[in-house]
Amino acid sequence: MTAAQLGLLTGVAVFGAVFLGATDGTVPSAGASADALWVTCVALAGAVLCGVLMSLVRRVGNLR
């Protein structure tokens with residue numbers, strides 16, 4: 001339970017930093033905010049893909 005909460009906390013902090021980093025630290029306009037959202041979504045998709053691949057590798061390892 002604690003590990004899951006720590007993971008969620010870390011995820012929010014990392015993806016929040018990605019979003020704010022993509023807006024160049026200025027007050028974002030609508031266009032800059034939309035671009036930052038796309039960057040954050042791509043980073044999130046990459047993280048999900050890594051999690052799925054790690055889960056598959058673990059499952060294949062357990063089958064042997």
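G31 belongs to helix α2, which runs over residues 30–63. Between G31 and A4 there are 34 Å in space, taken from C-alpha to C-alpha, for a separation of 27 residues in sequence.

The other helix to consider is α1, which covers residues 2–22. Helix α1 is made up of 21 residues and extends 30 Å from its first C-alpha to its last, a span close to the 30 Å expected at 1.5 Å a residue. After α1 comes D24, a residue whose phi is positive, near 65°.

How do the two helices lie against each other, and at what angle do the axes of α1 and α2 cross? Their axes come within 8 Å and cross at roughly 145°, and the crossing of α1 and α2 is right-handed. On the α1 side, the contact is made by F15, V18, F19 and A22, which meet S33, A36, L37, V39, T40, A43, L44 and A47 of α2.

In an unreviewed UniProt entry, residues 36–57 carry the annotation "transmembrane region". In the predicted model, the span of residues 36–57 is 100% helix and 0% strand, and its end C-alpha atoms lie 32 Å apart.

How values were computed: Residues numbered from 1 in each chain as written. Predicted model: local features only at pLDDT ≥ 70, side-chain atom pairs only at ≥ 80, totals over all residues. Heavy atoms only, no water. Axes fitted to C-alpha atoms, helices over the stretch in contact; angles between N-to-C directions. Helix = DSSP H or I, 4+ residues; strand = E, 2+ residues; numbered from the N terminus. Left-handed = near helix turned anticlockwise from the far one by under 90°. Contact = heavy atoms within 4.5 Å. Expected span 1.5 Å × (residues − 1). UniProt positions renumbered as here; feature names shortened; annotations may be inferred.
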